[in-house]
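User: I would like to go through this model with you and ask, for several of the labels used for it, what they rest on.

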Amino acid sequence: MKYDPALERSPLPYSPFKSCTVPRPIGWLSSISPDGVENLAPYSQWQNLTFDPPMVMFSANQYPDGRRKDTVLNAEQTGWFVWNMATYDLREAVNISAMALPFEENEFDRAGISKRYAELSPTPMVAESPVHFECKYLSTHRMTGNSNVGTIDIVFAQVERIHINDEVLTPDGRLDIPKIRPLARMGYHDYTSITETFEMKIPQASDDEAYGLAGQPA
């Protein structure tokens, strides 16, 4: 089968688009408003951009009524947000934090998770998460869709501080991914978690390229 999504509806009962671009890492992002209102929400359009220096991005669809997401506004107004690694053990909290709660209601409390605070800003972090990025806001690029909810804010940021729980590190200093079981988004209502990995080295590639060591401070 084939179809042109700009011209016709999918011939399948459910759109296959999001199920084709899988798995997608989850941007479980915490932020705080200038007035001190804390926020936590997952975004499935999240990715790293480069490692020298480390930069990331996330895309946030508007609400159907045209309102922009709180995470975007908080990042723009305070200059900071935190990425918290979503794991299989935290899957229920991730799902609850996706609810569209009133602005003044705290997702940390609703999801039943504890928090600690970032070191470079007053942004809350998910204490149970094994990895955190403290992200400094750089810019927003807006793209207009065919509807309010199809219109997006793409937020770019630089990772200024990385926190890793020592308990998820292997003896040789790598993240133990099968132990962590990072959560990833699929299509429909589906998720997955990483339980196994395998290694393939590009022929003649250096370890610096593979492990992102180029440009790293000595």
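User: For residues 19–177, how far apart are the end C-alpha atoms, and what share of the span is helix and what share strand?

Analyst: This is a predicted model, and in it the end C-alpha atoms of residues 19–177 lie 23 Å apart, with 14% of the span in helix and 41% in strand. The span itself comes from UniProt, where an unreviewed entry lists residues 19–177 as "domain: Flavin reductase like".

User: What is the order of the strands in the open sheet, and what makes β3 and β4 its edge strands?

Analyst: The open sheet has seven strands in the order β3-β2-β6-β9-β10-β5-β4, and their pairing is antiparallel. β3 and β4 (46–51) are the edge strands, as each of them pairs on one side only. From one strand to the next, the twist averages 30 degrees.

User: How do you know that β4 and β5 count as paired?

Analyst: Two strands pair if DSSP finds at least two bridges between them; five bridges join β4 to β5, which run antiparallel, and therefore β4 and β5 count as a pair. Within this pairing, threonine 50 stands opposite methionine 55 in β5, and phenylalanine 51 stands opposite proline 54 in β5.

User: How many bridges join β5 to β10, and over how many do β9 and β10 pair?

Analyst: Seven bridges join β5 to β10, while β9 and β10 pair over 12 bridges; because at least two bridges are required, both sets of strands count as paired. In β10, isoleucine 154 has serine 59 opposite it and also histidine 141 opposite it. Methionine 55, which stands opposite threonine 50, stands opposite glutamine 158 in β10 as well.

User: Which residues of helix α2 are buried, and what covers them?

Analyst: In α2 (residues 70–78), the buried residues are Asp70, Thr71, Val72, Asn74 and Ala75, a label that stands for a relative accessible area under 20%. What covers these residues includes the strands β2 (27–32), β3 (38–43), β5 (54–61), β6 (80–84), β9 (131–143) and β10 (152–164). Just after α2, glycine 79 takes a positive phi of about 90 degrees.

User: Why is aspartate 109 called exposed?

Analyst: Aspartate 109 has a relative accessibility of 58%, and because exposed means over 50%, the label applies to aspartate 109. This residue is placed in helix α4 (residues 107–111). The C-alpha atoms of aspartate 109 and serine 97 are separated by 9.6 Å, the two residues being 12 residues apart along the chain.

User: Why are arginine 181 and tyrosine 188 called partly exposed?

Analyst: Arginine 181 has a relative accessibility of 28%, and tyrosine 188 has a relative accessible area of 43%. Arginine 181 lies in the loop between α5 (177–180) and β11 (183–185), whereas tyrosine 188 is found in the loop between β11 and β12 (191–193).

User: What is the phi of arginine 181, and what is that of tyrosine 188?

Analyst: Arginine 181 has a positive phi of about 55 degrees although it is not a glycine, and tyrosine 188, which is not a glycine either, has a positive phi of about 55 degrees.

User: Which omega values go with the cis peptide bonds at proline 23 and proline 53?

Analyst: The cis bond that joins valine 22 and proline 23 has an omega of about -10 degrees, and the cis bond from aspartate 52 to proline 53 has omega near 0 degrees. Proline 23 lies in the loop between α1 and β1 (24–25), while proline 53 is in the loop between β4 and β5.

User: How many residues line the second largest pocket, and what is its volume?

Analyst: The second largest pocket is lined by 30 residues, of which Ser15, Phe17, Lys18, Asn61 and Gly150 lie nearest its centre. Its volume is about 1200 Å³. The elements that give two or more residues to the lining of this pocket are α1 (17–20) and β5.

Key. Residues are numbered from 1 along each chain as its sequence is written. This is a predicted model: local features need pLDDT of at least 70, side-chain atom pairs count only at pLDDT 80 or more; totals for chains, interfaces and linings use all residues. Side-chain values use heavy atoms; hydrogens and water are left out. Buried means under 20% relative accessible area, exposed over 50%, partly exposed in between (1.4 Å probe, protein chains only). Helices (H or I, at least four residues) and strands (E, at least two) are DSSP runs, numbered from the N terminus. Contact means heavy atoms within 4.5 Å. Axes are lines fitted to C-alpha atoms, for helices over the stretch in contact, and angles run from 0 to 180 degrees between N-to-C directions. UniProt positions are given in the numbering used here, feature names are shortened, and annotations may be inferred rather than shown by experiment. On a 1 Å grid over the protein atoms alone, a cavity is a set of points where a 1.4 Å probe fits but cannot get out, and a pocket is an open set with protein on both sides within 12 Å along at least five of seven lines; lining residues have an atom within 4 Å of a point. Grid points are joined across faces, edges and corners, and a volume is the space filled by probe spheres set on the points.
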